[in-house]
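Here is a short briefing on helices, salt bridges and helix packing. Please keep the sequence and the model open while reading.

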Amino acid sequence: MWLELAKVYVGLRRYEVAIQSAYDRLIERGGKDAGLLNQLGIAYFLKGDVRQAAYSFQQATELAPEDKKMRGNLEKALAALGKGEGLK
């Protein structure tokens, strides 16, 4: 439910609300939800905060390394930052 809610907020371009909703749920879940972290990254990316987006995507891919979409999101964010090997 929370992941879908975050997606709706992003679709409505209500990025701050999407970010806060995802953060609130992540806190409840101990930060261990790859889908929410990925959606958080999408919200940050669309808001223009590419560094924070890349960080969220990196966390998501650490939890779900087999997910090609999440890895693709991380690669796009890193490319936008001009980095090819992850955040330091």
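Glu16 counts as partly exposed because its relative accessibility is 47%; buried means under 20% relative accessible area, exposed over 50%, and partly exposed in between (1.4 Å probe, protein chains only). This is a predicted model, in which local features need pLDDT of at least 70 and side-chain atom pairs count only at pLDDT 80 or more, while totals for chains, interfaces and linings use all residues. Residues are numbered from 1 along each chain as its sequence is written, and side-chain values use heavy atoms, with hydrogens and water left out.

**Salt bridges**

- The count comes to two salt bridges, each defined as a side-chain nitrogen of Lys or Arg within 4 Å of a carboxyl oxygen of Asp or Glu.
- Glu16 pairs with Lys47 in a salt bridge, with the closest N and O atoms 2.6 Å apart.
- Glu16 sits in helix 2 (residues 15–28) and Lys47 in helix 3, so this pair ties together parts that are 31 residues apart in sequence.
- Helices are DSSP runs (H or I, at least four residues), numbered from the N terminus.
- Lys47 has 40% relative accessibility and therefore counts as partly exposed.
- Arg25 forms a salt bridge with Glu28; their closest N and O atoms are 2.8 Å apart.
- Both Arg25 and Glu28 lie in helix 2, three residues apart, or about one turn of the helix.
- Arg25 is partly exposed at 22% relative accessibility, whereas Glu28 is exposed at 57%.

**Helix 3**

- Helix 3 covers residues 34–47, 14 residues in total.
- From first C-alpha to last, helix 3 reaches 20 Å, close to the 20 Å expected at 1.5 Å a residue; the expected span is 1.5 Å times one less than the number of residues.
- Ten of the 14 residues in helix 3 are buried, leaving the helix mostly covered.
- Among the buried residues of helix 3 are Leu36, Leu37, Leu40 and Tyr44.
- Asp33 caps the N-terminal end of helix 3, with a side-chain oxygen 3.1 Å from the backbone nitrogen of Gly35.

**Helix 4 against helix 5**

- Helix 4 (residues 50–63) packs with helix 5 (residues 68–81) at an angle of about 150°, their axes 9 Å apart.
- Helix 4 is therefore roughly antiparallel to helix 5, a label for angles over 145 degrees.
- Axes are lines fitted to C-alpha atoms, for helices over the stretch in contact, and angles run from 0 to 180 degrees between N-to-C directions.

Key:
Helices (H or I, at least four residues) and strands (E, at least two) are DSSP runs, numbered from the N terminus. A polar contact is a pair of N or O atoms within 3.5 Å; within protein, one must be able to donate a hydrogen and the other to accept it, and residues adjacent in sequence count only if both atoms are side-chain atoms. Angles under 35 degrees count as roughly parallel, over 145 as roughly antiparallel, 65 to 115 as roughly perpendicular and the rest as oblique.
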